Amino acid sequence: MRPLAAALCMGKGKFVLDGVPRMRERPIADLIDGLQQLGADVTCVAETGCPPVTINANGLTGGTASISGKMSSQFLSSLLMASPVVDGDVTLAIKDELISAPYVALTIGLMKKFGVNVEIEGDMDGQPKFHIAASEKYKSPGSILVEGDASSASYFIAGAAITGGTVTVRGCGSESVQGDVAFANVMEQMGATVTWAPESITVTRDPSVKLKGVDVDCGKIPDAAMTLAVAALFAEG
């Protein structure tokens with residue numbers, strides 16, 4: 001619903017986004033705030049900051065939006081994806097901290113494949129700003145790989161490292177825009193052999209090489225952290 005809310009603001013017409021009772025408990029106020037700063041006529045339930053979302057769409061005017069990034073990176077990603085369709089330059093500023101920065105990097109990487117360059121000012125782990133010039137517009141790449149889920153691929157990568165077998169996961173590789181492919185690097189640190197191709201990762205381990213414990217900050221691979229915890233059970237040290 002979050003990216004859809006931003007996408008609908010780019011068009012024209014009246015829309016109401018709603019869902020099951022659980023959906024009405026999912027915060028969306030920070031995104032609504034950012035869209036309003038870019039000229040959108042959009043509201044959510046004021047008391048809860050949650051859906052339903054009501055949109056009277058007439059495009060976005062651009063400018064600067066300052067939003068919170070400490071609840072979800074989806075708010076920033078939604079605004080980023082909408083920015084190339086805005087009339088004018090867009091600057092998106094994080095006013096506190098940005099969590100799950102790798103997922104924002106994923107969004108920016110995918111936008112680049114569609115011809116849009118996002119200028120980043122500052123540290124992604126701090127309070128970055130993102131600039132999208134009015135001249136940046138989406139262009140078809142002709143063909144593009146729809147990547148598999150790198151977080152789910154971590155299970156099979158870990159399985160090969162634990163058992164000493166060989167596994168090749170296809171759909172994400174050295175050219176992936178997903179941060180969780182870095183999980184394969186951790187398996188390599190632990191003793192596995194990793195071979196990268198643009199769209200695949202092959203993992204194996206020599207049975208004579210034991211997995212060893214490592215000290216890793218999983219802040220950039222949060223969805224693969226639990227997989228690493230399981231692999232750690234089979235490591236020495």
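Me: Where does R2 sit?
Reply: R2 lies in helix α1, residues 2-9, where a helix is a DSSP run of H or I with at least four residues, numbered from the N terminus. This is a predicted model in which local features need pLDDT of at least 70 and side-chain atom pairs count only at pLDDT 80 or more, while totals for chains, interfaces and linings use all residues. Residues are numbered from 1 along each chain as its sequence is written, and side-chain values use heavy atoms, with hydrogens and water left out.

Me: What does the side chain of R2 reach, then?
Reply: The side chain of R2 reaches the backbone oxygen of P27 at 2.7 Å, and a 3.4 Å polar contact joins it to the side chain of S72.

Me: Changing topic, how many salt bridges are there?
Reply: The count comes to four, among them D18 with R24, whose closest N and O atoms are 2.4 Å apart.

Me: And which residue pairs with D125?
Reply: D125 forms a salt bridge with K220, the closest N and O atoms being 3.5 Å apart. D125 lies in the loop between β6 and β7 and K220 in the loop between β10 and α7, so the pair ties together parts 95 residues apart in sequence.

Terms used. Helix = DSSP H or I, 4+ residues; strand = E, 2+ residues; numbered from the N terminus. Polar contact = N/O pair within 3.5 Å; in protein donor to acceptor, adjacent residues only side chain to side chain. Salt bridge = Lys/Arg side-chain N within 4 Å of Asp/Glu carboxyl O.
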